[in-house]
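Open the model in your viewer and keep the sequence panel beside it. Each stop below tells you what to select and what to look for.

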Amino acid sequence: MDAPTAALSPLLDLEGRVALVTGASRGIGAATARLLGRCNARVAIHYGKSRAEAEEVASDIAQAGGPPAAVFQAGLGSDDERRRLHREVVDSLGNPLLLVHNAGIYVRNPFEETDDDAFLSRWRTTQSVNLESAAHLTLLALPAMRTARFGRIVMVASRAAFRAETDAASYAVSKAGMVSLARCLARNEGPRGITANSICPGWVDTAMARPDVAARKAEIEAEIPLGRIATPEDCARAILFFLSPLASYSNGTALGLNGGSFLH
Ligand SMILES: NC(=O)c1ccc[n+]([C@@H]2O[C@H](COP(=O)([O-])OP(=O)(O)OC[C@H]3O[C@@H](n4cnc5c(N)ncnc54)[C@H](OP(=O)(O)O)[C@@H]3O)[C@@H](O)[C@H]2O)c1
């Protein structure tokens, strides 16, 4: 991880605030946690199963001289585990005033499915992990944000929210729900100094996308005017923007981050 321990500039200084990043053991979440640590946030690195990877992220932040970071486990499909996650973060680091709802799953769930129980099970799990967890963890964090008259909430949604998916409607709907959730929060909480925004990536080079990218890389890249799929760091920078003073007037925005592959 490259150098600076202090904030990159005053406009990127996160002022020692606590940032909860869900799904920060790898991919976009890990890159975001590392970058927020460099920008002087105290990062709560959430993971589901990948403890060793989450600890590596914490150790990278420490090595770069960032403020104390800590790792927290929770299965985000469970109401109780989300409550425990919030409590443990508050007890260990303090109230998270910066929230990055990044953890997510992509599960194919085609309408050609003939087993309706299986369809419903995949549908509910996807909504619960991707969307409901973002609403629930936000609800738990809001009282402290209102007291502070400050909060920054970022949803890691997807291009799928707008482009739609043929064989993964449950995923696309969960991501459209996240964009809408940010907009609802933006209107409800803006008067209290709290903003909510979404980023909507296209293909990103992570474990989630790798099987598809490996199978049809040339085809995918040909659809992207910039000629490459995104890196996790491309996404982390956009998330940092919404958390930082640079985005002081952004509220309810959904930022496309797809290299120009889907414009609307
Ligand atoms: N990659 C893409 O092309 C792409 C495009 C658009 C949007 N996105 C969105 O970006 C976000 C991050 O994706 P990524 O590509 O970085 O994915 P990833 O590499 O698969 O990482 C997913 C993260 O979410 C955590 N997670 C998954 N299910 C969980 C659960 N039930 N409970 C707790 N944690 C859980 C994982 O934790 P553990 O490994 O510790 O269990 C992991 O840290 C997702 O919301 C995804 O939908 C990705």
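Select A164. A164 sits in the loop between helix 5 and helix 6. Check its backbone too. Phi of A164 is near 75°, which is a positive value in a residue other than glycine. Remember as you go that this is a predicted model.

**Helix 5**

Now select residues 160-163, which form helix 5. Start with R163, which lies in this helix. Is R163 buried, exposed or partly exposed? It is partly exposed, because 16 other C-beta atoms are found within 10 Å. In sequence, R163 and A176 are 13 residues apart; in space, their C-alpha atoms are 9.8 Å apart.

Go on to A160, also in helix 5. A160 is buried: it has 21 other C-beta atoms within 10 Å, and the cut-off for buried is 20 or more. What does A160 touch, leaving aside its neighbours within four places in sequence? Its contacts are E165, Y171, A172 and K175. Next, draw a distance from A160 to A238. The two are 78 residues apart along the chain, and 18 Å separates their C-alpha atoms.

Select residues 27-38, which make up helix 1. Pick out G37, a residue of this helix. G37 counts as buried, because it has 29 C-beta neighbours inside 10 Å. Show its contacts, again leaving aside neighbours within four places in sequence: V43, I61, A64, G66 and A69. Then draw a distance from G37 to S121. They are 84 residues apart along the chain, with 37 Å between their C-alpha atoms.

Step along to N40. It lies in the loop between helix 1 and strand 2, which covers 42-47. N40 is partly exposed, with 19 other C-beta atoms within 10 Å. Phi of N40 is near 75°, a positive value in a residue that is not glycine.

**The ligand**

How many residues surround the ligand? There are 28, and the closest are G23, G27, G48, G104 and T206. Colour this shell by residue type. You will find 14 nonpolar, 12 polar and 2 charged residues. Helix 1 gives the most to the shell, with 3 residues.

**Helix 4**

Select residues 116-148. This is helix 4, with 33 residues. From first C-alpha to last it reaches 46 Å, close to the 48 Å expected at 1.5 Å a residue. Now look along its axis. Where is the kink in helix 4 centred? It is centred on E132, with an angle of about 45°.

Next, colour the buried residues of helix 4. They are T126, V129, N130, L131, S133, A134, L137, T138, L140, A141 and M145. An α-helix has 3.6 residues a turn, so residues three or four places apart point the same way.

What do these buried residues pack against? Show helix 3 (79-92), helix 6 (169-189), strand 4 (96-101), strand 5 (151-156) and strand 6 (194-201). Then move to the residue that follows helix 4. This is R149, and its phi is positive, near 50°.

**Helix 7**

Select residues 210-222. Helix 7 has 13 residues. It reaches 17 Å from first C-alpha to last, close to the 18 Å expected at 1.5 Å a residue. Find R216, where helix 7 bends by about 95°. How many of its 13 residues are buried? The count is 0, and helix 7 is hardly covered.

**Zoom out**

Finish with the whole protein. Colour by secondary structure: there are 8 helices and 7 strands. The C-alpha atoms fill a box of roughly 50 × 40 × 40 Å along the principal axes. The radius of gyration is 18 Å, which agrees with the value near 18 Å for a compact globule of 264 residues. Buried residues make up 44% of the 264. Residues 24 or more positions apart account for 76% of them.

Key: Residues numbered from 1 in each chain as written. Predicted model: local features only at pLDDT ≥ 70, side-chain atom pairs only at ≥ 80, totals over all residues. Helix = DSSP H or I, 4+ residues; strand = E, 2+ residues; numbered from the N terminus. Rg over C-alpha atoms; globule rule 2.2 N^0.38 Å. Buried ≥ 20, exposed ≤ 12 C-beta atoms within 10 Å, placed from the backbone. Contact = placed C-beta atoms within 7 Å. Near = placed C-beta within 6 Å. Nonpolar A, V, L, I, M, F, W, Y, C, P; charged D, E, K, R; others polar. Expected span 1.5 Å × (residues − 1). Bend = angle between axes of the 7 residues up to and from the residue.
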